[in-house]
Amino acid sequence: MPGLHYSKFIPPSLSISELECQKLDNDATDMLIDKWLERPHRPDSYYDWFQRVRERKHDANARQRREQILLWNKGVFVPENIFTRTIDTGRLIPLDRTWVTHVYHHRSMRRLTMMPVIFSMLPELMLLRGMHDRGCDDIYVIVTDLKRHEMDQVSEYFQYACQHTSAGYCKPSVEQKINHDYLQLTTAMDRNRRTPCFPQIDLTLRAILHEKRPPFIVLFSHQTMSYSQILFAHSQFVPAKDVYHDFPSGCPNPGCTDNCCELVRFPKHGAKAAAVLCAPSKKGKRKVRYRYGRRVRPKEMCNWIDCDVCFSDDPAPSCPAGEGCSEGSSEGSETGPEDGPGGRVSYAGLVCSRCKLVKYCSADHQRLDWDEHRRVCAKPAGEC
């Protein structure tokens, strides 16, 4: 249970945080996306990167239905034409899904709108939102004025503290280090008059992780030469290196490769270079008290958004042809449910025979999903 008093080792309650929260709803996110698409300095580094994404072709193998992938196969540069694989359901969904942003800030900023904060890291938030089919309708941001070296120190503190207190008990030496680093950060930020103070940042961040269980939290800094850090609750939520290795640093100059210009520290090199708040246990499993949900269980589900069918690991045939079925289907027989382990019903699923990237539980759900899937459905590399 979250404590009603502040402690560095017990998850606090969000109700005792003194930071104020400004909420930006789905309509505000839609408006920001429209403004971002109409920005006058196009083309820029982000647009060039998405152009490189469009040139990539996926392969026709079963691994592509489980691994992260980003595709822009057809149409103009708009979010509804760019699709990404979700890590929780395995669906291929467009980037046009919006979210509600909860921005926590110091009371001295209560008269300011937080829309510029979200606009400055909108491409990163769109991609991270697209990676999750469920549980990412709300994104949490804590606004600070930390400088670059202070953001480095704060990020290292939260990684160490969360990794070593996830079991509810830590060794005396670990507790001593956490107390020492906490006091050092608090003193340094008070001396530099940072707002909010470090105890409020620590309280709010750990309370959000414990109560809301988001897949990630953003520590935003409005310092000119600093950057914003993305703290991931689990390594499963980190973008894949193979997909985002050449993602731009945030500088609007297309030719800039200097990390000192980065506005958001987006993990381009996978989990090893990302700020992850959980650590592997001795048994090889990952545990963290403040993790999102009880467990991270990637699934492969029917690509129709309103379907809850989860597939088994059995090989799946191609989707059958039928009236109203997509152009990507071919002749075949529909596979029905089978009895899995323990009498549990499992489905082998039907694979789209054109792109071989999505699965459906029936031809009816494929027809229902075709209006959306047609914007990305294309033959794999080697079959064109």
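**The loop between helices α6 and α7 holds Pro196.** This is a predicted model, in which local features need pLDDT of at least 70 and side-chain atom pairs count only at pLDDT 80 or more, while totals for chains, interfaces and linings use all residues. Residues are numbered from 1 along each chain as its sequence is written, and side-chain values use heavy atoms, with hydrogens and water left out. The peptide bond that leads from Thr195 to Pro196 is cis, its omega being near -5°. Arg193 is also placed in the loop between α6 and α7, and its phi is near 60°, a positive value in a residue other than glycine. Most residues other than glycine have a negative phi, and most peptide bonds are trans. With a relative accessibility of 73%, Arg193 counts as exposed, where exposed stands for over 50% relative accessible area, buried for under 20%, and partly exposed for values in between, all with a 1.4 Å probe and protein chains only. The helices named here are DSSP runs of H or I with at least four residues, the strands are runs of E with at least two, and both are numbered from the N terminus.

**A salt bridge joins Arg194 to Glu150.** The closest N and O atoms of Arg194 and Glu150 are 2.9 Å apart, and a salt bridge is taken as a side-chain nitrogen of Lys or Arg within 4 Å of a carboxyl oxygen of Asp or Glu. Because Arg194 lies in the loop between α6 (172-191) and α7 (198-211), whereas Glu150 belongs to helix α5 (residues 148-164), the pair ties together parts that are 44 residues apart in sequence. Arg194 and Glu150 are both buried. In the structure as a whole there are 14 salt bridges.

**Within helix α7, Asp202 and Arg206 are 4 residues apart.** Their side chains meet in a salt bridge, at 3.1 Å from N to O, and the spacing along the helix separates the two residues by about one helical turn. An α-helix has 3.6 residues a turn, so residues three or four places apart point the same way. Asp202 counts as buried at 1% relative accessibility, and Arg206 is likewise buried, with a relative accessible area of 3%. Beyond the helix, in the loop between α7 and β7 (216-221), is Arg213, which has a positive phi of about 50° although it is not a glycine. Arg213 is partly exposed, its relative accessible area being 28%.

**Lys359 and Glu300 form a salt bridge, with closest N and O atoms 3.9 Å apart.** This pair links distant parts of the chain, for Lys359 is in strand β16 (residues 359-360) and Glu300 is in the loop between β12 (286-287) and β13 (337-339), 59 residues apart. Both Lys359 and Glu300 are buried. Elsewhere, salt bridges that share partners join Arg52, Arg56 and Asp246 into one network.

**Helix α2 (residues 45-55) has buried residues, among them Tyr47, Trp49 and Phe50.** Ser45, Tyr46 and Val53 of this helix are buried as well. The buried residues of α2 pack against α1, β2 (70-71), α4 (122-130) and α8 (241-244), a contact being heavy atoms within 4.5 Å. Across the protein, among contacts between residues at least 6 apart in sequence, 71% join residues at least 24 apart. The protein has 9 helices and 16 strands, and 53% of its 384 residues count as buried.

**A patch of negative charge on the surface includes Asp27.** Patches are made of residues with over 30% relative accessible area and no salt bridge, like charges being joined within 9 Å and nonpolar side chains (Val, Leu, Ile, Met, Phe, Trp, Tyr) within 5 Å. Asp and Glu count as negative and Lys and Arg as positive, with His and the chain ends not counted, and the place of a charge is taken as CG of Asp, CD of Glu, NZ of Lys or CZ of Arg. Asp27 belongs to helix α1 (residues 26-37) and is exposed, with a relative accessible area of 58%. Met31 is also found in helix α1, where it counts as partly exposed at 36% relative accessibility. From C-alpha to C-alpha, Met31 and Met115 are 9.9 Å apart in space, although 84 residues apart in sequence.

Key
Areas by Shrake-Rupley, 256 points an atom, 1.4 Å probe, with all protein chains shown as cover.
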